[in-house]
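Me: Please take a close look at the ligand site in this model. Which residues surround the ligand, and which are the closest?

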Amino acid sequence: MAPRNQGPIALPEPSAEEHAHSERVSALIRDEIARAGSIAFSRFMELALYAPGLGYYAAGKRKFGAAGDFITAPESYPVFGRCLATAVQSILDQLGGGDVLEAGAGSGKLAATLLRELAARGALPDTYLILELSADLRERQAATIEQTAPEHAARVRWLDRLPEPGFRGLVLANELLDAMPVERFKVAADGVKRMGVTWRDASFSWVERPAPSIVAERVHPLMLVPGYVSEIGLAAQAWVRSIGERVAAGVLLFIDYGFPRAEFYHPDRATGTLMCHYRHRAHTDPLILPGLQDITAHVDFTAIAQAGTDIGLDLLGYTSQAAFLLGNGLDEFVRASVPGNVREHLALTEQVKKLTLPHEMGELFKVIALGRGIERELSAFALQDRRLRL
Ligand SMILES: C[S@@+](CC[C@H](N)C(=O)[O-])C[C@H]1O[C@@H](n2cnc3c(N)ncnc32)[C@H](O)[C@@H]1O
């Protein structure tokens, strides 16, 4: 991750085609601003990322991998998916079977890896459901599965909306919650402000408006000092509640970067957690390059746990990505590869480093599990469980 407040941002110049695309996204957002004078940042983020056919995730941009803007664990490090298969298998075993529902499946690589790995263990789910907001990514997911796990393609089904109540199985999402629109707020001497976006002097700029009670009520108990700027992931919390209500028996497993609340709203983090990615450069200005760059916010895992427990789910586990992967067979995959091909083995150890070292993805990324009707402790968290820190 790039350091915060790094001054002027040196980003690669978008192509003429990219400029034209961004201008269309900008025009759409400006239209909405023109009607109201300003819009909440959450709405800006929603349009910039998900406006149908135009937003960053909704249009055809490459996004993931070396030729895109950022990498994610399942995209670049297949051993991540293999470890996850260990967790999926033990959860489905405990449930006596069921479906897997992956939300926000990106390019479809994790789905393909999981299907192959679970098949090899004779542990396939009844159906592998995918819930994906972006029509473009749905097509890409279908193509990935068709190309790399064709024998399992018939088991995959895309949902147009959240599943009907009564779902049994595992809901799984990697880097979904950080991609959901957030409210940005500022603590001022005269109360909490909601940060909005307006159009001024030919660019988008920030405005501060009195915060609605839904934001102010969340910020007051945090006891933050004037000048403190941060985010609240109301959309992610609402989404967890909505999907959790539909789970009759099963587990929700989210992997994402973030912290427990006390660390999220730490005095040292007084400019918030927004991060943007454009062609592998990370920076903190979400108001530029609309439609061309990813915009994310870290996850407040205490809020996610509360969203689940509010609707009667149990908090089943919380740990770092490193501990989770090691607790789900990572070292066994490495041991098994030793006598084999040296190049493959080196590639695997490189994946392990990226996924587990504390200054890479190992510590910043966390795994949280919520569930209903789960009687036994989840073995997936046996190595380490930090639930008490939430
Ligand atoms: C940062 S990408 C992560 C993709 C993939 N899981 C990975 O780790 O490579 C976020 C994904 O979530 C999807 N997404 C965002 N909001 C969603 C929602 N409410 N329902 C379903 N998918 C959503 C995006 O379209 C995209 O596929």
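**The ligand site**

Reply: The shell around the ligand divides into eleven nonpolar, five polar and three charged residues. Here Ala, Val, Leu, Ile, Met, Phe, Trp, Tyr, Cys and Pro count as nonpolar, Asp, Glu, Lys and Arg as charged, and the others, Gly among them, as polar. This is a predicted model: local features need pLDDT of at least 70, side-chain atom pairs count only at pLDDT 80 or more, and totals for chains, interfaces and linings use all residues. Numbering runs from 1 along each chain as its sequence is written, and side-chain values use heavy atoms, with hydrogens and water left out.

In total, 19 residues surround the ligand (a residue is near if one of its heavy atoms lies within 4 Å). The closest are Tyr50, Thr72, Gly104, Glu132 and Asn174.

Now the cover. On its own, the ligand has 590 Å² of accessible area, and the protein covers 95% of that (Shrake-Rupley method, 1.4 Å probe).

The setting is a chain with 14 helices and 16 strands (DSSP runs: helices are H or I with at least four residues, strands are E with at least two, numbered from the N terminus). The radius of gyration of the chain is 21 Å, close to the 21 Å that the globule rule gives for 390 residues, so the chain is as compact as a globular protein of that length. That radius is taken over C-alpha atoms, and the rule is 2.2 Å times the number of residues to the power 0.38. Along the principal axes, the C-alpha atoms fill a box of roughly 60 × 45 × 40 Å.
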